[in-house]
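Subject: Structure handover

Hello,

Here is the structure I promised you.

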Amino acid sequence: MLVDIRTEFSVITANPRILVESIAAFLEKQSMMKGPSGPHLVRATREAGRWRRHCQPTVEHGAGMKQMRQVKKASQPSSKTLPKAATGIQGLDEITGGGLPRGRPTLVSGGAGAGKTLFGLEFLVRGATQYSEPGVFMSFEESIPDLTKNVASLGFDLDRLVTDKKLFVDHVSIMRSELGETGEYDLEGLFIRIADAVQRVGARRVVLDTIEALFGELPNPSILRAEIRRLFNWLKQKGLTTVITAERDHPDRLTRHGIEEFVSDCVILLDHRIREEISTRRLRIVKYRGSTHGTNEYPFLIDDQGISVLPISSLGLDHDAPAKRVSSGIARLDGMLGGKGFYQGSSILASGTAGTGKTTIAACFVDAACRRAERALFFAFEESPRQIVRNMRSIGIDLDPWVRKGLLQFHAARPTYGGIEQVLLLTHKRITSFQPSVVVVDPVTNLLMVSTQNEVRSMLTRLVDFLKTQGITTIFTSLTAAGALEASEADVSSLMDTWLLLKNIEVGGERNRALYVLKSRGMEHSNQIREFLLTDDGLRLLDVYLGAEGVLTGSARVSQEMREKAVVTFRRQELESRRRELERKRRIFEARMVMLRAEFEVEEEVIQQTISESELLGEEVVQDRGQMVLSRQADSSSYKKDVRAKAARKR
Amino acid sequence: MPTTKKKTRARPRKSAPRKPVVWKLRLYVAGQTPKSIRAFANLKVQCEEHLKGRYQIEVIDLRVNPQLARGDQIVAIPTLVRRLPRPIRTIIGDLSNSARLLVGLDLRKVD
C-alpha cells in the first residue's frame, strides 16, 4: 500500500507533532482495514521524518506560521474588503479568490526556469490589456530585446504595448566590473527610475524581476537590504500592486538573500520539478495575508497562451444533468442499461484486462454517435488513428468515412510527450475547439506512466467536471491488471456514472469475453453477465450459460446448449410414449367396457326373460287354484278361518 | 547634453600639458542630500589635487531629470561616472574613501 503522506495530510503543515500523531491514527485505521501494517509503518515514519524536514523552513519563514495564522484569523471577517488586483492568469484568480493583494507587494519565488519572469510579465500584460491597468516592468536580468523576443512566442506583443503606453519596460544592468564603491550610497536612482516609469504610463502595477540581482552587482549588502526594504515600503505607499520575483536556490529558503522578510502580504512559490524524467510545474501560495486562499500545490503550465494554473475544483459540481439518453451503439448493451443507453453528458468507464474489447466498445459508441451526425473526439494514448481504424474495420466498424466527413477527430499522442498537465490542457483545448458531443479517452491508465495516481485522479476529476459542464458524454477506458478487476487503476470509479466491466472468462481451455454493468447511476440496469462476441459484423452480446458448473461461455456454452437440447428431445419422446400408452390403455378399457356391456345386456335379457316367465307362472297358479275352489266348492268359510289361524301360529 | 546644474571647472590650460585629454566626470545625485553634497565635495578635492585644470564635473539631479537615469544605468545614488577618458567607469557612494576613489577613477597612474 502506497500512501502519499503529503496529500493525505496536506492540511497539517506546520506542526510536526500533530502530523506524526495523525499519521499514527491514519495507520491504525488502515491496519484495521487492511491487516498487518508493519512495512507501512516503517515507510510512513520515514516519510513523516522527511516531511517534517521539508516543512521546517515554512515554519521558520514568514515570521512564523503561528503568527501568520493569527493574522489570518483576525482579518478573516474583513477578507471580503481586501482589495485584489486580478492577474488575468488563468486559474490563479480562482485560487487566490480574486487576484493579488492590490497596492501591495507580492513575492514570486522559484528556481531557475520556474516561470517567474513570465508570471510577472503576464501579470502586467493581462493587467494592461484586460483590466486597463498599465504596468512597469523593471528587468534586472534580461535585456529588453531579449525579453520581447522571449515572450513573443507566448503571444505577448510587448512592443505594441510599449508604443501604446500601456507598458513600460526598463532594463537595469550594472556591470560589476566597471563599478567601484566608495562609501555610503542609496537606491534613490532606482526609486527615481521606477517613479518616472510609473508616471509615464500611469502604472498601477510594477514587476521587479529579479531585484536580488542587485546583490550580485552592488557592494555592501547591508545597505542594499535596507534600501530594498525601503523600496517595498515605498511601492506600498504609492499603492502599486507589485510583483517581486526572486530566485530560490535552496529548498530551505524562499529567496537567495532572504528578501521574503520584507514582503509580508503574499508569497507565491513556483516549482518546476522532475519526477521520473517528466517535468511538472507547480504553484503554491505560501501565504496571503488577510485573505483565504487555496493552500494546495496546483499544477500549472506554460504554453503559447501564457500560464494556466489548474485548480482542481475550478468548475465545481453544478453541472446540468440531462435526462436525454444516448445509445451505446450496441443494442443489447442499451438493453442492459434500461433499454435506452447512457445518459447524455455522463461519464462511462470501460475497464477490463488486456484484450477484452475496451477500445471496441468505445469505437462502437463513436460510430453510433457519428451515425447520429454528432461530432466525436477520440483521444488515443496508445494506438495511432490508422491502427484503430484498421482494427475496427476487422469487426465491421468503418470509422474512416466519419474521419473524412469531419465528424470524427483523433488526437493520438503518448502522454509521455508532456506532463500530465499538458495532457489535460491539450484535451481542454481540443474539446473547446472541436465541440464534440462524444469523447473517448483510451486509455486513462496510460496517464499513470507520466504521473502519480493522485495526479491522474485529480486530472481526471477536472476533466470529468469539465466534460460534464459541457454536456459531453465520455467513455474512459481503463486497463486493469488481472486479479483486481473491480479496482480501477487510477481509482476513478467514483467519478464515473456508468461502469462497464469487461473480463476474460477461462472455461474449458479457452478465454471468452464477458461484459457486465457494474454500476450505472440513475437508471435501471441489468445484473447479468453477457458474453461478448466480436464478430465480422460487429459486436454481439449473448446470454451466458449459467448452470451447475458455473458460468459457461464460448464452446463450453455451445456444447452445454447441445447437451441441453438432447435432454429436452429425450424428455419429449418419453412424454410422447407415455401419452400413447395412456391412449392405448384407455382404448383397451373402452373396448372392455363395450364387451362387458354386451355381456351384461345378454345376461340382462336372459334374466328379464326368466323373471317375466316366472311372473306369468305365478299368476296362472293362483288363477288355477281359484278355479279349482270354485269348481269344488269344498271349503266353508269356517275352514278358511282355521287355515288362517294355523298359519298365524306357525309364524 | 541636457544638464541642470552645471558646475564646470574647466580651467584654461597652463603651460602646454602633456596630456591634452580633459576628464569628463558626471555625478548623479537626487536632490541636495547630505550624501550628494558630501560626494561632490570629496570629488572636487580629489580632482583639484590630481587633475587640476583637466577636468569637467557635470552634476545631474535625477529629481529634475529622472529620464537620464536610464542612460547611464543609474541605480544607486550618488554615482560618479567617468565618461572620458575611456573606458567608462562607475563609482557609487559618497566618495568618502579617497583611496578607493582614486583606484576607481584610475587616477594614481596619471600622477
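S132(A) sits in the loop between α6 (116-130) and β4 (135-139) of chain A. Helices here are DSSP runs of H or I with at least four residues, strands are runs of E with at least two, and both are numbered from the N terminus. S132(A) is not a glycine, yet its phi is positive, at about 40°.

A word on the source. This is a predicted model, where local features need pLDDT of at least 70, side-chain atom pairs count only at pLDDT 80 or more, and totals for chains, interfaces and linings use all residues. Residues are numbered from 1 along each chain as its sequence is written, chains are lettered from A and ligands numbered from 1 in the order in which they are written, and side-chain values use heavy atoms, with hydrogens and water left out.

Two peptide bonds also deserve a look. Most residues other than glycine have a negative phi, and most peptide bonds are trans. The bond from D209(A) to T210(A) is cis, with omega near -25°. T210(A) belongs to the loop between β7 (205-209) and α10 (213-217) of chain A. I77(B) and P78(B) are also joined by a cis peptide bond, with omega about -5°. P78(B) lies in the loop between α2 (68-71) and β4 (79-84) of chain B.

**Where the chains meet**

Contact means heavy atoms within 4.5 Å. By that rule, 26 residues of chain A touch 27 residues of chain B. The two chains bury about 2,200 Å² between them, 52% of it on carbon and sulfur atoms. Buried area is the accessible area (1.4 Å probe) that two parts lose on being put together, summed over both. T182(A), I192(A) and R193(A) supply 29% of the area that chain A buries against chain B, more than any other three residues.

Four salt bridges cross the interface of chain A and chain B. A salt bridge needs a side-chain nitrogen of Lys or Arg within 4 Å of a carboxyl oxygen of Asp or Glu. R63(B) makes one with E188(A), and their closest N and O atoms are 2.7 Å apart. Which elements give two or more residues to the side of chain A that touches chain B? They are β5 (167-171), β6 (179-181) and α9 (188-201) of chain A. The largest share, seven residues, comes from α9(A).

**A helix pair**

In chain A, α16 (residues 420-434) and α17 (residues 453-469) pack at an angle of about 10°, with axes 10 Å apart. Axes are lines fitted to C-alpha atoms, for helices over the stretch in contact, and angles run from 0 to 180 degrees between N-to-C directions. α16(A) and α17(A) are therefore roughly parallel (angles under 35 degrees).

Best wishes

Definitions and conventions. Angles under 35 degrees count as roughly parallel, over 145 as roughly antiparallel, 65 to 115 as roughly perpendicular and the rest as oblique.
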